[in-house]
Amino acid sequence: MSERKGRIEDQRLVTGQGRYTDDIAEPGALSVAFLRSPHAAARVVGLDTTAAKAMPGVHAVLTAADLAADGVGPVQAPLNVEGPDGHKWHAVPRTLLASDRVRFVGEPVAMVLAETREAAMDAAEAIEAEFDEVDAVVDVRAAMEEGAPAVFDERPGNVGYVWERGDWEKAGAALAASAHRVSITVPVSRVNAAAMEPRTANARREGETWVFHVSHQAPQSMKDALVKAFGVPAEALRVVAGDVGGSFGMKAGPLREEMLIFWAARRLDRAVRWRADRTDDFLADEGGRDVLMEVELGLDAEGIFTAERVRMLQNVGAYVSARSLPPVLNFGGVAGVYRTPVIAGRVVAVMTNTAPVAPYRGAGRPEATLAIERAVDEAARLIGMDPVTLRRKNLIPPEAMPWRSPFLFDYDVGEFERVLDAGIAQADLAGFAARRAESEARGKLRGLGLALCIEAAGGPYGTPGRDFADVALSEDGTVTVLTGAFDAGQGLETAMVDLVAGALGISADGFRYVQGDTANVPRGKGMGGSSAMIVGGSAALDAVDKLLLQAKALASDELEAAQDDLEYESGAFRVVGTDRAVDLARLARVASEKGTPLRGSGDFQPKEATFPNGCHVCEVEVDPETGLTQVVSYRAIEDIGRVLNTQLAEGQIHGGVAQGLGQVLMEEMRFGADGQVLSASYMDYAIPRADDMPPVTCGFVEIDTELNPLKVKGVGEAGSVGGLAAGMNAVCDALASAGVTAFDMPASPSRVWEALNAARAG
């Protein structure tokens, strides 16, 4: 596939011609505002909606009682986790509107539908809600203590689920017998997805069909959830996701408010629309990360890893469901790229009076990489060995591929030392000592963070999903690409069009790209897990192959030649050794005349997940007088398999790195002891600006995988997976040079300043 400059979709998006859900005109649609709980934990004593219903422009005020009257029960993504003792853990029930209890600040209690957004908001404030506030718990350790307030009475100890793999006792014995042992606690803060486009939905009836427009990354799965929850016939429902301004995993699953919009529209038989505001986002969006990791790493006298044990305490918030599973699905990443012989892992999901958590870019991968890479750096300090040397001594060698892991993830291919060497060269590690000395001469502390990252992509591991694509050729020569994968800003339109054009050997001009509309694309995996090109792209190739098989049969008839005597090149079939040829446009017209459109329907399901991996090197400077931490250099080498489009791949890495470093430096959702959200606006929740980020230099080591025909490994999560670990290692290295022995994210100026002052005080 030849590389282009820029992206196909950029012209439309940067000139204001994007079509987002809130752009869709809905004449006469009712606007929605939600009454949200002001308490993190309380019993709902009463709701008096009389005054609200009487306000001008108000058409309805709906509560949990109305849901019950319609026979609508709890809705959540099903959970089925078997604990180490054989206990089966399932999701807790989540009513779409809170009924007898509220469990986090911002939980929706009632919805108002009015002629205008302003009227709906005014009426929501007029609802007289009476709550009996009870004690809340927001910290995972406190939630597990005996006598802690119960989020759900039927879940003693607030345990959402327990998962374990590996022999915990065997790993403990190997650690105890090791010459050296590192034990660290690594908190990973909760973050908000901070999508440019807030969550948005609108529903309306068109004849016998309900059309639901929603800002969502997997419209097919959203349709399935609506069908199951409300009993609407699948053929009477069309779900459309247009342009989406950021998702990152948060806009997936059976989202609560969105489902309520659809229910209310059907109940009232009216068009209904809703757009979250930023306060809604911070209060009610599902959060990301929020894990407390306890990591142990053993080494022998020579620095060879002997054993590893990782326990993750995951704050899943008020409701546990399949959306709470990122640490489990990607726990295998704690093994890293190392040949550690004994590994054990455990996840304890703990419910608290906070909004639920869900996948956020990387979805457990950054946390797993952070666990092992922080431990390796601490081990290097403990035994006095250069961290690069220590890593090199423990790498899985290429001749060991395919690698049969002692813990969860088996790797098909990988040349980890080659990636490490490329990262070292690109980052000029040999010159770091001089750069640190120069920083010190200016009164600054300079730190170096290196992280070797690996992740499962195109999965889930063990059960990779299937995706679908159609490629159709119309009589006017237009090629339509319909894909079950979903582009929420990552450049998939460009990648797919160029892929299909390259496979057909024709120009990418005159292509039409279709996604996100279940009327045209009824099946699809959507966006997630860096799977778009691995699975969706491979499905598109399959579609091209099937289209060409159909076209070849037509060409055989048109040219009156045997199919074996035909060759295909640059959009035309020719009889070998002659100038007799017929192009695809002509064949499309022939197919149309015969009533069989020229179209290929493809699908693909990989045998297993792929494993993109990389070496990320970050350098930071810390001002000890103010605590300000600045990233001054960032270099990344990635093995993502075959690189189809360098610009798109680099863009994905840049974005992921920014999200990883944003969490390292500033991003954190904060809660008071009573569960009140202390970071409910961008005045209190910081996200990185352009001038907070350095230029990110990328490079690639291309090691093909045979697990898909494109030989690609995925890139969407890569930047966040490496960025979190490399950034934290750099900050900790800088602070360690001033005597700080332990430091937790985020590295905000006040936290850094306090840590340095504490170290000076001894």
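Student: Is Y682 buried or partly exposed, and what is its relative accessibility?

Tutor: This is a predicted model, and in it Y682 has a relative accessibility of 35%, so the residue counts as partly exposed. F282, at 3%, counts as buried.

Student: How is the ring pair of F282 and Y682 arranged?

Tutor: A pair of aromatic rings is described by the distance of the centres and the angle of the planes. The ring centres of F282 and Y682 are 5.1 Å apart and the planes stand at 75°, so this pair is edge-to-face. The pair links distant parts of the chain, with F282 in helix α9 and Y682 in the loop between α18 (646–665) and β28 (696–700), 400 residues apart. The structure holds 16 aromatic pairs.

Student: Which pair is tilted?

Tutor: One such case is F409 with Y461, at 4.8 Å centre to centre and 50° between the planes. F409 lies in the loop between α12 (387–394) and α13 (416–427), and Y461 in the loop between β18 (445–454) and β19, so the pair ties together parts 52 residues apart in sequence. F409 is buried, at 5% relative accessible area, whereas Y461 is partly exposed, at 23%. Ring pairs also join F409 and Y461 with Y411, F416 and F611 in a cluster.

Student: How many salt bridges are there?

Tutor: Side chains of opposite charge can pair when their charged atoms come close. The count here comes to 56 salt bridges. One of them joins D285 and R199, whose closest N and O atoms are 2.8 Å apart. D285 lies in the loop between α9 (278–284) and β15 (288–299), and R199 in the loop between β10 (180–191) and β11 (200–206), so the pair ties together parts that are 86 residues apart in sequence. D285 is buried, with a relative accessible area of 5%, and R199 is buried at 3%.

Student: Where do R381 and D733 lie?

Tutor: R381 and D733 form a salt bridge with the closest N and O atoms 3.6 Å apart. R381 is in helix α11 (residues 365–383) and D733 in helix α19 (residues 718–736), so this pair ties together parts that are 352 residues apart in sequence. R381 is partly exposed at 33%, while D733, at 17%, counts as buried.

Student: Which residues are linked in a network of salt bridges?

Tutor: The network links D428, R435, E438, R442, R446, E619 and E621.

Student: What is in contact with Y319?

Tutor: Y319 lies in the loop between β16 (305–317) and α10 (326–329) and is buried, with a relative accessible area of 6%. Leaving aside neighbours within four places in sequence, its contacts include R94, R103, E107 and F152. The C-alpha atoms of Y319 and R94 are separated by 7.0 Å, although these residues are 225 residues apart along the chain. A polar contact of 2.5 Å joins the side chains of Y319 and E107. R103 lies over the face of F152, at 3.7 Å from the ring centre.

Student: Why do the buried residues of α17 line one face of the helix?

Tutor: An α-helix has 3.6 residues a turn, so residues three or four places apart point the same way. In α17 (residues 584–593), the buried residues are L584, L587, A588, V590 and A591. Seen down the axis of α17, they fall within an arc of 160°, so they line one face of the helix. α17 is followed by G595, whose phi is positive, near 80°.

Key:
Residues numbered from 1 in each chain as written. Predicted model: local features only at pLDDT ≥ 70, side-chain atom pairs only at ≥ 80, totals over all residues. Heavy atoms only, no water. Buried < 20%, exposed > 50% of the residue type's maximum accessible area, 1.4 Å probe, protein only. Helix = DSSP H or I, 4+ residues; strand = E, 2+ residues; numbered from the N terminus. Arc of directions from axis to C-beta. Salt bridge = Lys/Arg side-chain N within 4 Å of Asp/Glu carboxyl O. Contact = heavy atoms within 4.5 Å. Polar contact = N/O pair within 3.5 Å; in protein donor to acceptor, adjacent residues only side chain to side chain. Phe/Tyr/Trp six-rings, centres within 6.5 Å; stacked < 30°, edge-to-face > 60°. Lys NZ or Arg CZ within 6 Å of the ring centre and 35° of its normal.
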